[in-house]
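Reader: Can you walk me through this one? I'd like to go through it piece by piece.

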Amino acid sequence: DTFTATQYNTNDPTSFAHTSARERWPIIITQGIDDVHRSTHSAQDEATQTEGKWIVSELAKLKYELQHDRELTPIMDDGEADVDAYNKELAARGTPRWHSVPWLYSECYLYRRISSIFKQTKQWRSYDLFARQKMATFKSSRPAVLELAARYRQIVTELASKHTIKGAETDEQLEEAEKVLFTEICEICLWGNATDLSLLTNLSYEDIQKLQGSEARKASEKNILVNDLGKAFRILRAAQKTGKKERRVDIVLDNAGFELFVDLILAGYLVASGLATTVVLHPKSIPWFVSDVLPADFVSLLSALAAPQRFYGTQSEEDKNAGKEAVPLSEPEDSNLQFLFQNWSQMHAEGQLMLRPNDFWTAGGSYWRLPKTEPELYQDLKESELVIFKGDLNYRKLTADAAWSPITPFVEAIGPMGPASGVRVLALRTCKADVVVGLPEGEDERIKKLSGDEGSDTRKWAWSGKWAVVQFSDGKT
Ligand code: F6P
Ligand code: MG
């Protein structure tokens with residue numbers, strides 16, 4: 001990680017790290033406890049129940065340690081290779097306390113600690129304590145999902161049958177139309193991130209629905225402070241024009257549910273338009289920052305789309321509790337969702353869409369470490385035309401979560417992932433944490449003023465997911 005700038009720390013009252021450690025994390029653990037409690041209650045066999053109770057007590061202990069500012073303790077050996085690296089780093093950091101520890105390491109440690117509790121059991125080893133929340137929020141994104149499914153079907157069908165987009169008659173017009181669509185879909189992917197569940201501790205479902213509608217997206221364009229999508233498009237188009245047969249785009253995923261849904265829309269569009277020939281998705285291997293994608297979330301999403309009427313048309317336990325009636329889908333809605341299922345399963349079956357997990361994504365450090373700690377993955381990413389990093393945490397990891405001046409160039413703040421890395425990086429990030437780089441001079445001050453934070457040391461505007469940056473680095477010298 002960087003030594004040029006200091007990493008954000010949970011002891012800094014001006015940073016979102018401070019609030020996170022004291023307010024958000026205990027709520028997240030409590031929600032996890034409730035979930036395991038529910039599953040334990042409905043478990044049929046005694047072994048599962050006994051282990052479930054043990055998990056609840058371990059989670060409660062963790063919450064106590066966090067709230068009482070105890071030391072971070074070594075993670076128990078759960079048989080996985082990454083425990084050692086976490087514990088060595090913990091020792092090297094001098095066994096810090098929860099309320100005075102670098103934010104990035106401690107937040108990763110938190111989720112790795114939670115995972116180790118489950119991995120020490122027999123019946124709950126692969127249990128995801130956040131799965132319920134993820135699926136429930138996806139369900140509540142129904143209006144946006146239906147709107148996008150209809151548009152996607154139309155675009156992909158036209159590209160497949162006529163190799164064009166409605167209204168485009170010449171090659172130039174087609175190129176322009178493809179660029180517009182690329183930009184729009186990427187922006188949908190960008191804002192799809194504004195609604196991750198780790199921030200849901202202060203967002204209502206109504207807020208989420210508002211954030212996802214197309215009107216909201218248009219209105220939000222002015223909130224994208226830096227937008228390098230044009231550069232990314234040019235890279236993909238140039239590669240396509242060389243006639244190169246294999247052209248890969250990688251997406252380092254962030255959240256499941258609606259965000260994964262829109263990421264798949266992007267993946268499908270890239271392949272249908274010929275901007276890429278394959279898309280590699282990088283999910284997490286353990287439940288991570290509440291809503292991040294696990295391979296099982298990909299499967300659940302496809303299963304929901306395979307039988308959409310069953311998914312939307314029946315009242316779930318959550319719906320019942322929220323007093324929501326199940327409203328059946330209309331015939332075209334049902335058929336559009338099934339189209340998505342067929343389209344994406346086919347891409348998956350034909351190897352145009354791949355899932356490639358790696359422990360690196362759930363390690364405790366920043367992406368500055370990639371070339372040294374995971375040379376194979378590094379090599380693999382170099383082969384991609386474009387590596388898209390989704391969301392806030394990926395951005396924090398790219399920039400080492402450090403207090404850079406906001407006018408530091410993006411390519412500088414991403415260190416070894418920047419110039420001469422050979423990796424083409426595109427970050428699609430809605431801001432939910434303090435670190436922001438690559439802004440024009442005076443921009444931070446302008447937004448502080450707009451947000452009523454003029455002259456303050458705190459960059460509160462960057463915590464809410466209302467503002468975004470889309471930044472590109474071409475990886476050349
Ligand atoms: O800022 C809140 C927070 O939970 C951070 O801890 C984390 O970086 C981020 O949001 C998670 O958001 P995302 O899902 O966009 O990475
Ligand atoms: Mg996330």
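Author: One term to begin with: two residues are in contact if their C-beta atoms, placed from the backbone, lie within 7 Å. Note also that this is a predicted model.

Reader: Fine. What does Val425 touch, then?

Author: Leaving out residues up to four places away in sequence, Val425 touches Val387, Phe389, Ile414, Met417, Phe472, Ser473 and Gly475.

Reader: And which residues touch the most other members of the largest nonpolar core?

Author: Val425 is among them, together with Ile265, Leu266, Leu270, Val279 and Ile388. The core has 128 residues. Helix H11 (residues 258-273) contributes the largest share of this core, 12 residues.

Reader: Which domains does this core draw on?

Author: It takes at least three residues from each of domain 1 (16-129) and domain 2 (132-473). As a general point, nonpolar side chains tend to be buried together in soluble globular proteins.

Reader: Back to Ile388. Are the faces of its strand, E5, covered or open?

Author: Both faces of E5 are covered. Leu386, Ile388 and Lys390 are buried on one side, and Val387 and Phe389 are buried on the other. That is five of five residues buried in E5.

Reader: Which strand pairs with E5 over four bridges, and in what sense?

Author: Strand E2 (residues 248-252) pairs with E5 in the parallel sense, over four bridges. Ile251 stands opposite Ile388 of E5. E5 and E6 also pair in the parallel sense, over four bridges. There, Phe389 has Ala427 in E6 as its bridge partner.

Reader: New topic: H10. How many residues has it, and how far does it reach?

Author: H10 (residues 229-241) has 13 residues and reaches 18 Å from its first C-alpha to its last. That is close to the 18 Å expected at 1.5 Å a residue.

Reader: Which of its residues are buried?

Author: In H10, Leu229, Ala232, Leu236 and Ala239 are buried. They lie on the same side of H10, because they cover an arc of only 95° around the axis.

Reader: Which residues other than glycine have a positive phi?

Author: Asp401 is one of them, with phi near 50°. Thr95 is another, at about 40°.

Reader: What about Thr157?

Author: Thr157 is in helix H6 (residues 142-162). It has 13 C-beta neighbours inside 10 Å, so Thr157 counts as partly exposed. From C-alpha to C-alpha, Thr157 and Phe298 are 23 Å apart in space, and they are 141 residues apart in sequence.

Reader: Now the domains. How many residues are in contact between domain 1 and domain 2?

Author: 21 residues of domain 1 are in contact with 20 residues of domain 2. On the side of domain 1 that touches domain 2, helix H1 (16-42), helix H3 (82-92) and helix H4 (103-119) each supply at least two residues. H4 gives the most, with nine residues.

Reader: How far apart are the domain centres?

Author: Taken over C-alpha atoms, the centres of domain 1 and domain 2 are 28 Å apart.

Reader: And H4 itself, is it mostly covered or mostly open?

Author: H4 is mostly covered, with 17 of its 17 residues buried. H4 reaches 24 Å from its first C-alpha to its last, close to the 24 Å expected at 1.5 Å a residue.

How values were computed: Residues are numbered from 1 along each chain as its sequence is written. Chains are lettered from A and ligands numbered from 1 in the order in which they are written. This is a predicted model: local features need pLDDT of at least 70, side-chain atom pairs count only at pLDDT 80 or more; totals for chains, interfaces and linings use all residues. The expected span of a helix is 1.5 Å times one less than its number of residues. A residue is buried if 20 or more other C-beta atoms lie within 10 Å of its own, exposed if 12 or fewer, and partly exposed in between; C-beta atoms are placed from the backbone. The arc is that of the directions from the helix axis to the C-beta atoms. Two strands pair if DSSP finds at least two bridges between them. A nonpolar core is a set of buried Ala, Val, Leu, Ile, Met, Phe, Trp, Tyr and Cys residues joined through C-beta atoms within 7 Å. Domain bounds come from an automatic or database domain assignment.
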